[in-house]
Amino acid sequence: MYSFDSRIRYSETDSEGKLFLEALLNYFQDCSTFQSEDLGLGIEYLKQMHLVWVLTSWQIVVDRYPKLGERVNVGTFPYDFKTCFGYRNFFMKDQSGQFLARANSLWTLLDTRTMHPVRPPEMMRKKYSLEERLDMDYASRKIVMPEHMLPMEPIEVRRHHLDTNHHVNNGQYVRIAAEYLPEGFEVIQLRAEYKKQAVLQDRLYPLAAYESGKCMVALRDEQGNTYANVEFVG
C-alpha cells in the first residue's frame, strides 16, 4: 500500500468549504502517480518502454466530503493484474482513520507505438505489490445511457484539458460533465467509463439526462462516438 498525508486547501473547496469532487479524483490520480514515480515506474520509465496506462473506468463512493483545512490520508494499491488490465483501489481517510471516500479503477496498458494492449513487464508486476481489494459495493464498469438525452453546447478541447500524454485528462471529463449537475446536487457516487481519447481541438458534444437522484452525461464526438460516459448519483 502507498499513502501520503495532506490537508484540504482553499483552492480545492466549493462554495460550502468542502472538497469538491474533481479535487478528490485528483488526489487519487496523484497518489497512484506518486507510487509509480517512487517505484521507478513513472512517466520517464513508461516513455522509455513505449508504454502508457490508460484509465478505462472509475467508481468513487463518497462517505463524507472533508472540509477546508482538514487533514487527510490518501492511499492506493493494485489488487489484480489480468492480461493487459490493472485493477487499483484508492481511499481517503480522516485523522481518526475513518473512510471519507473509496474508489475502484480499471486501467489498460498500451504500447504507444501500436496503441495495442500489452501485458505488464515482469519488473512492473513484481514492484507493484498486490493487496486484498477494499470492502465496498463494486458496481459494473459499463454505464448504460438513457435513450433520450438533452444535447448541450459543444466544447472545444483546449491545452488546459490535456495531460502528459497529450490527451484530455480523465479528471477533465468529470469536470466538464459536472457542469450539468443540478444546483445543490451532492454526489455520493461517481462512475465514469472512458471509451475514446480526445486531443487538442477535438470537439466534445455533451448530452445529459436527469432521473430521480441521478444525473447521466455522455461526451461524444460529432459522429456520435463516445469519449466518456459519466454517472453521478446523489
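Helices (H or I, at least four residues) and strands (E, at least two) are taken here as DSSP runs, numbered from the N terminus. The structure is a predicted model, in which local features need pLDDT of at least 70 and side-chain atom pairs count only at pLDDT 80 or more, while totals for chains, interfaces and linings use all residues. Residues are numbered from 1 along each chain as its sequence is written, and side-chain values use heavy atoms, with hydrogens and water left out.

The protein contains four helices and 12 strands. Its C-alpha atoms fill a box of roughly 45 × 45 × 30 Å along the principal axes. Of the 234 residues, 49% are buried (under 20% relative accessible area, with exposed meaning over 50% and partly exposed in between; 1.4 Å probe, protein chains only).

Helix α1 covers residues 21-38 and has 18 residues. From first C-alpha to last, α1 reaches 26 Å, close to the 26 Å expected at 1.5 Å a residue (the expected span is 1.5 Å times one less than the number of residues). Buried residues of α1 include L21, L24, L25, Y27 and F28. After α1 comes G40, with a positive phi near 80°.

K142 sits in the loop between α3 (122-127) and β7 (150-151). K142 counts as partly exposed because its relative accessibility is 48%. Beyond its neighbours within four places in sequence, K142 is in contact with R191 and E193 (contact means heavy atoms within 4.5 Å). E156 lies 14 residues from K142 along the chain, and their C-alpha atoms are separated by 26 Å.
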